[in-house]
Amino acid sequence: MKEPLAYMRKAQGSWEKRILKSLNSMCTELSIPLARKRPISEQKELLNKWNEMGTDEPDLSLFRPVYAPKDFLEVLMNLRNPNYENGDQPSSRNHLGLIQVPLKVKDIPELKEYFGELGLNTGQLGIDDSAQVPPELFENEHLRIGQKVLTEQDSAAAQQYVRQGCPTALRAELWALILNISNQPEDILYYEQLKSNVIQHDLLVDSLIYKDVKLTASNDDYYFVFEDYLYQVLFCFSRDTSVLEHFTYSSATPPKSYIRGKLGMEEYAVFYPPSGVIPFHGFSMYVAPLCFLYHEPSKLYQIFREMYVRFFFRLHSISSHPSGIVSLCLLFETLLQTHLPQLFYHLREIGAQPLRISFKWMVRAFSGYLATDQLLLLWDRILGYNSLEILAVLAAAVFAFRAVNLMEVTSLAAAEAVLADLSTLKVMPLLQIFLFATVT
Amino acid sequence: MAGKVKWVTDIEKSVLINNFEKRGWIQAAENEDWNFYWMSIQTIRNVFSVETGYRLSDDQIVNHFPNHYELTRKDLMVKNIKRYRKELEKEGSPLAEKDENGKYIYLDFVPVTFMLPADYNLFVEEFRKNPSSTWIMKPCGKAQGKGIFLINKLSQIKKWSRDSKTSSFVSQSSSKEAYVISLYINNPLLIGGKKFDLRLYVLVSTYRPLRCYMYKLGFCRFCTVKYTPSTSELDNMFVHLTNVAIQKHGPVMNNDKHCFECYGYDIIIDDKLKPWLIEVNASPSLTSSTANDRILKYNLINDTLNIAVPNGEIPDCKWNKSPPKEALGSYEVLYDEEMAQSDGPDRDLRSRSGQSIGIKGNRARDSGKPVLTTWK
């Protein structure tokens with residue numbers, strides 16, 4: 001089922017049209033084809049430097065990212081349900097945030113139940129494995145159970161297990177077990193086939209990917225060293241038609257392009273790019289943290305692809321799904337408004353709507369904002385609960401944590417400054433305090 | 001006597017000069033009265049050489065020790081480490097413990113190295129134990145990584161076999177053909193598929209008593225896929241005769257109250273997470289490639305100057321070289337011989353072993369696990 005709500009489907013359709021228009025006009029402006037077969041000499045050269053594409057310095061100055069998260073936020077802010085009448089009377093249930101669509105989101109009691117394993121009485125990695133806690137209390141036993149889960153290759157048990165966090169040594173295998181990635185010979189062959197597609201054809205989106213990596217991951221203290229891996233994954237991803245399958249349950253539709261001169265003729269329509277996914281600014285950050293877990297390109301590729309078609313696609317498409325970005329934004333705003341009304345009101349008054357700051361965190365699933373070890377603990381829980389709602393809860397918890405400082409700022413810029421650096425945050429204590437230790 | 005410190009340098013680097021200027025020091029010329037001279041290796045050689053050397057006065061400080069090359073020349077470094085190991089072994093120190101294969105458990109931190117042509121036969125013996133291994137040849141007489149190459153067959157270094165059979169004294173002219181050959185670490189730890197090495201900094205303010213500090217910050221240098229030879233400076237000096245018989249010598253490093261030195265340690269970690277000391281630089285590069293790099297080096301020099309020239313005032317070499325804790329900046333005490341000796345029963349062990357080195361707190365860009373190797 002793609003998307004039950006008509007107005008959501010319509011909004012997604014318009015958004016897609018805009019993106020494609022932007023891509024096509026870039027194409028025309030720069031006179032670069034969407035796709036081009038490489039001459040043999042170029043193919044040879046690319047094959048030779050497949051492991052060091054980062055050393056290439058193509059001229060990317062004319063390329064612009066097709067869109068950035070803040071463009072997407074503008075679209076979401078303008079979403080309206082035509083069947084819903086807000087009325088002229090402001091009521092106590094009026095939502096003061098940026099998202100103005102009435103989707104059902106969980107409240108704190110429901111979240112406490114949903115995220116039960118994060119409670120104060122349950123051991124967690126990210127809290128109960130700190131240096132001061134003797135490992136006999138939790139860590140050793142948790143590790144032993146993890147090893148057992150892996151030995152028995154029990155995917156369902158693994159999903160339950162990682163709710164309490166993965167031991168670093170077991171994380172790669174546990175995630176692969178949950179995502180059903182076994183890296184069989186046919187998977188490796190499939191990856192090699194994608195690689196040869198990259199060698200043979202150049203796509204315009206490759207330049208967008210290049211630019212994105214250079215702008216984001218290459219400049220990141222944690223991820224710059226994986227630059228070459230990112231190209232190896234993302235170039236292949238763009239050409240992977242198996243990614244099209246996720247459009248059956250996504251609200252999105254892959255963009256279509258037509259063979260030159262055959263505009264409008266369906267038999268000459270192709271999906272562009274072949275995967276149907278046009279990267280936006282920051283897209284490569286979905287891949288970067290995975291490089292700490294997997295160094296074998298085909299396995300890294302499959303893990304990323306599965307993470308994308310299960311989770312990440314929901315962060316940049318318009319839908320009513322509880323893990324969709326619209327619901328996450330609404331969940332964030334509702335949590336903040338309900339439990340930190342003073343803070344919310346204050347920020348709103350000074351022109352610093354909280355979602356304007358937290359949106360980019362959620363769209364990127366916090367990649368590039370948190371320290372990597374913390375990010376991986378967060379993504380453990382995404383996998384464990386098969387939901388992205390934790391991103392909204394964490395975003396609210398961050399605001400709660402820095403509430404005192406935020407109450408003193410008087411501008412959006414100052415609020416941004418207070419929240420600019422999340423690299424020292426410990427996610428599990430923050431989540432626990434917000435959900436279980438705050439008087440509601 | 002209040003006055004501004006007069007500084008000279010023959011290394012035109014902004015991280016140095018900015019640090020001098022921010023202290024309000026005054027630039028001077030080499031032939032004028034100066035208090036502080038940050039010298040290149042060539043210059044320090046002149047200062048302490050028999051022919052061209054001159055005495056330093058009590059208000060003059062330089063940034064090298066007279067015989068730093070004992071640590072920083074590749075062959076001498078290895079020689080001194082070997083000597084140190086043998087000494088420890090002789091006195092039955094637990095540090096010198098060996099495993100069942102005869103390898104040092106704690107002291108095996110330098111790749112096996114030989115001097116050529118002098119140790120050619122010893123090298124061949126070692127080579128034959130592992131004929132599939134790769135070795136790296138570094139010339140003693142060339143600078144900046146020129147002439148470095150890898151070998152994996154004895155035939156590739158036939159010429160040194162000939163040379164070793166001739167006179168056992170190496171003449172001045174053939175010192176240019178002298179090489180060190182080390183076991184090549186062909187299983188380095190890779191991050192992102194890339195080889196890297198660690199650069200750590202150690203400051204020595206005095207050798208007698210030994211007082212040294214390790215900088216808490218360092219960095220990794222990542223290589224592109226192609227092998228790039230080290231660009232360290234190899235001193236152009238006469239190679240000394242190898243003395244196989246180990247005798248008890250005096251301390252290796254000559255102390256001089258006018259001197260301090262900041263060394264750059266190059267370390268490679270292999271895929272078993274074992275660190276290897278590759279070389280020690282007396283004149284670590286002060287060039288910066290990125291903003292973070294520049295900040296790190298600027299702060300390094302700043303903290304170094306705070307320790308070497310306390311309070312930024314005109315130095316007096318008679319001071320006890322004991323800076324207060326607050327002046328250390330990002331340095332932490334690595335070893336303080338005076339303090340160690342005042343600790344009673346452990347005295348013998350510590351004053352002999354010299355260093356307890358922990359590699360921690362560096363900005364190694366791995367998954368966040370510090371690699372700790374200590375020996376006491």
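This report describes a four-stranded sheet in chain B and a helix in chain A, both taken from a predicted model.

**The sheet of chain B**

The 4 strands form an open sheet in the order 5-8-6-7, with antiparallel pairing. Its edges are strand 5 (113-116) and strand 7 (149-151) of chain B, each of which pairs on one side only, and the twist from one strand to the next averages 30 degrees. Strands of a sheet pair through backbone hydrogen bonds, either parallel or antiparallel. Strand 5 of chain B is joined by 4 bridges to strand 8 (residues 179-183) of chain B, the two running antiparallel, and within this pairing Phe114(B) has Ile181(B) as its bridge partner.

Two helices of chain B lie across strands of this sheet, as the table sets out.

| Helix of chain B | Strands of chain B it lies across | Angle to strand 5 of chain B |
|---|---|---|
| Helix 4 (residues 74-90) | strand 5, strand 6 (135-139), strand 8 | about 125 degrees |
| Helix 5 (residues 120-129) | strand 5, strand 6, strand 7, strand 8 | about 140 degrees |

**Helix 1 of chain A**

Helix 1 (residues 6-30) of chain A has 25 residues and reaches 36 Å from its first C-alpha to its last, close to the 36 Å expected at 1.5 Å a residue. Its buried residues include Tyr7(A), Met8(A), Ala11(A), Trp15(A), Ile19(A), Leu23(A) and Leu30(A). An α-helix has 3.6 residues a turn, so residues three or four places apart point the same way. The buried residues of helix 1 of chain A pack against helix 3 (69-77), helix 9 (204-215), strand 3 (256-258) and helix 12 (325-339) of chain A. Just after this helix, Ser31(A) adopts a positive phi of about 55 degrees.

Conventions
Residues are numbered from 1 along each chain as its sequence is written. Chains are lettered from A and ligands numbered from 1 in the order in which they are written. This is a predicted model: local features need pLDDT of at least 70, side-chain atom pairs count only at pLDDT 80 or more; totals for chains, interfaces and linings use all residues. Side-chain values use heavy atoms; hydrogens and water are left out. Two strands pair if DSSP finds at least two bridges between them. Axes are lines fitted to C-alpha atoms, for helices over the stretch in contact, and angles run from 0 to 180 degrees between N-to-C directions. Contact means heavy atoms within 4.5 Å. The expected span of a helix is 1.5 Å times one less than its number of residues. Buried means under 20% relative accessible area, exposed over 50%, partly exposed in between (1.4 Å probe, protein chains only).
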